[in-house]
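I set out to look up a few local features and to record them here. The entries follow the order in which I consulted them.

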Amino acid sequence: MISFPKPDVEQFLRTFAIGDFAVSPDEKQLVFSTNLSGKYNLWAMDLPKTFPYPLTFIDQSCQELLYDKQGRFIIAGFDQDGDENTQFYGLPLQGGTMKEIVYQENTRNFMPILSENGKKLYYTSSKDNPMCLSSFCLDLDSGQETKVIEGRDAATYLLDFSPDESTFLYYKHFANTHTLVFAKHGDEEIRLTPPTEKQHTVSDAVFVSNDLVYLLTDYESDFTYLASYDLKTRTFLKIKSLEKESLRSLKYNKSQQTLYISSEKGVEDSLYEYRLQDGNWNKVSTPCSVIEKMVVSKAGTLYLLGRSATTPHNIYKREENEWVSLTKYTVPGVAPEELVDPDVITYRSFDDLEIEALFFKAKKENDNGEIIFLPHGGPQAAERKFFRASFQFFLNQGFSIFAPNFRGSTGYGLAFTKMVEGDWGNGPRLDNVAGLDWLIENGYVEKGNILLMGGSFGGYMSLLLHGRHADYFKAVVDIFGPSDLFSFINSVPDDWKPVMDQWVGNPERDKEKLIEYSPITYLDGMTKPMLVIQGANDPRVVQQESDQIVAALREKGREVEYMLLTDEGHGFSKKENEIAVYQRILSFFNQFIGSKVKS
C-alpha cells in the first residue's frame, strides 16, 4: 500500500475564493469572480453544466456584477490592484473585449442598477461630490447622463427604484450604526422610518410595488427586524422580529410574492422566507454557516454564495427545497477531517459584559502548544464561522487560534455595536485583555507566551495591545493596522470622512483621547519582535500608517520586519501575494515555537 506524506503547508493557501456572482435571466449562465487562476478574473458556467471557463484575463477583482435583465450583456466593476477606485465595464456573455461604461480616473463608483429594458444604468459615484456622493442615470444608447440624487450631509447611495422608475430609494450613511433610507418621488423626499432622536439603521430595502417598500431596520429596537412602508398612506409597520437576531439582507421573489431574508446571530447566519400574501414565515435550511450573497432569478429560483468554518466559498442553487452546490471548492488535497471547526466560548470582561469568541484548537497530532490571539478587523464586524484559508493553514501547522468578538462587533445588537464608537482604545482593548486572561486562567497558555496577530482594526489593536500589554506576548504581527489615529482620520477616503467624528473621534475636541488611543503613543512599551505587513495601494489604511510605526520603532533599535506589497490594497487579491504573506508570518512565528517567556 502506498503511503502519502501530510498535505503540503501551501495547499491550505491554494484554496480558491469567490468574491461575487450573478445569474443570467434565463438561468442558462452563471458568472462569478474567482481566483481560479491565482488572480481574480470573471469565470462563467453554462448551466446546468458546471465546468467553468474564463471571461476576463485582466487579473483584477470584481466589486460589482450584474446581468442585463434581457440577458444580452454583463456589467462588471473593477478597480486596479486594490485601490478601490471601481470603474464599470460592459462585457459580452462569452467574454472578450470589455467596453468602458463608467470610467473616470480617481473616482469611486458603487452599486450599479440596470433598468428593466437594459437601456439605463443607475449608479452612485464620488465624481464632483467625493464626500457625500451623488447618483446618476446613464442612457446607454445616447451616452447622456442625468443626476438623480445629490448627496448631502453624509455619503448617499442609490439603493433601488420602483417598477415604474418614478420613485428612488436611497440611504444616507451617517455612521455604521446610523443609516436612514428615503424615497424620492419628483422633488418630494420621504423618510421611511418615523422621526426620532435615537440613532438607528436601515440595513436593506426593496420595492415590491410602486407604492410598497419592505425594509430591515432596528428603529426603536436593539436588533433589526422586517418592516414595511406604504408610500401612499405614509404608514410604517413593524412586521416580524426575532429574539436577539438581526435580519441583515433581503431579496424579493416577484413570481412567488415572497421575501428571502438572511439574518445574523453571533457567529452564524440563518435564512427565512416570508410570503406576502398570507404572512407565512418559515426558516429555510442552508448549506453554509455564513451567507455572503443571495440572488433570486426571474423565475423565482434562489441562489446563494456562502461558506462555513471548514468549507470555502461555494455557490448553491435551491431545487425543490434541496440545495445543489454549483461550485465544488474545497481545500486541495486535504480531507475534511483534517480541518478544524471552532468551539464557541463566552467569557466576562472587566465590566461583566459577556464576550463571545471562536476558539480554533489545533488537532492533537499537530498541536505545537502555541496560541495565536487574533482580534478581528472592522471594528464593527465580527469573527464568524466562515472559512479562512489562513486559519486552517496555521492550525495544520499546530497553532491554535483564539478570536474574540469584543464590544463593537456586529451580531449582538445595535447597543453592543455602538460601544466601540469614540472608544477604540479602551473598552475593546480591555475586552481583549480579558480574553487573554481567560486563556491563561483556563490553563491553555502562560502569560508572556502568546502570539498576537491582527489585520486592519485588528492590526491597530495588535499594535495597541503590544504597546500597553507587552507582558502577555512573545511576538506580534500587524497587517495594515492604523498606528496613529490623527493621521488615520486625515487619510481615509473622502466618503468616509463624515463618519469619523462619531466612529473614531474629532482631532480637536477629542485630542487627548486620540493621543491615549493611538498605538504610536506607546512605542516604549513595544519591546517584542514584530512583523508589519502593508499594501501600497491601500486607500483605507494608507502606507504611511505602517511606514511611521516601523520607522519609529527602528529608530529605538527595536526588532521589526516590514513586508510591503506594491500591487495590493486593503487585503490580498493575488494568490501569490497571499501565500507569500502567510509563509512569511509562519516563518516569523516558527522562531518562537517552544520558547518560554516568564512573566
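I took two strands as paired if DSSP finds at least two bridges between them. Helices (H or I, at least four residues) and strands (E, at least two) are DSSP runs, numbered from the N terminus. I note that this is a predicted model, in which local features need pLDDT of at least 70 and side-chain atom pairs count only at pLDDT 80 or more, while totals for chains, interfaces and linings use all residues. Residues are numbered from 1 along each chain as its sequence is written, and side-chain values use heavy atoms, with hydrogens and water left out.

Entry 1, a sheet. I looked up Ala227 and found it opposite Lys238 in strand 20. Strand 19 (residues 225–230) pairs with strand 20 in the antiparallel sense over five bridges. I then traced the open sheet of four strands, whose order is 17-18-19-20 with antiparallel pairing. Strand 17 (202–207) and strand 20 (235–240) are the edge strands, each pairing on one side only. From one strand to the next, the twist averages 25 degrees.

I recorded that the axes of helix 4 (residues 427–441) and helix 5 (residues 457–469) come within 11 Å and cross at roughly 70 degrees. Axes are lines fitted to C-alpha atoms, for helices over the stretch in contact, and angles run from 0 to 180 degrees between N-to-C directions. Helix 4 is therefore roughly perpendicular to helix 5, a term that covers 65 to 115 degrees. On the helix 4 side I listed Pro428, Arg429, Asn432 and Val433, which meet Met461, Leu464, Leu465, Arg468 and His469 in helix 5; contact means heavy atoms within 4.5 Å. The residues of this contact divide into five nonpolar, two polar and two charged. In this count Ala, Val, Leu, Ile, Met, Phe, Trp, Tyr, Cys and Pro are nonpolar, Asp, Glu, Lys and Arg are charged, and the others, Gly among them, are polar.

I located Thr177 in the loop between strand 14 (167–175) and strand 15 (178–185). Thr177 counts as buried at 1% relative accessibility, where buried means under 20% relative accessible area (1.4 Å probe, protein chains only). The side chains of Thr177 and Glu421 are joined by a polar contact of 2.5 Å. Such a contact is a pair of N or O atoms within 3.5 Å; within protein, one must be able to donate a hydrogen and the other to accept it, and residues adjacent in sequence count only if both atoms are side-chain atoms.

I found Ser546 in helix 9 (residues 543–555), buried with a relative accessible area of 0%.

Terms used. Buried < 20%, exposed > 50% of the residue type's maximum accessible area, 1.4 Å probe, protein only. Parallel < 35°, antiparallel > 145°, perpendicular 65-115°, else oblique.
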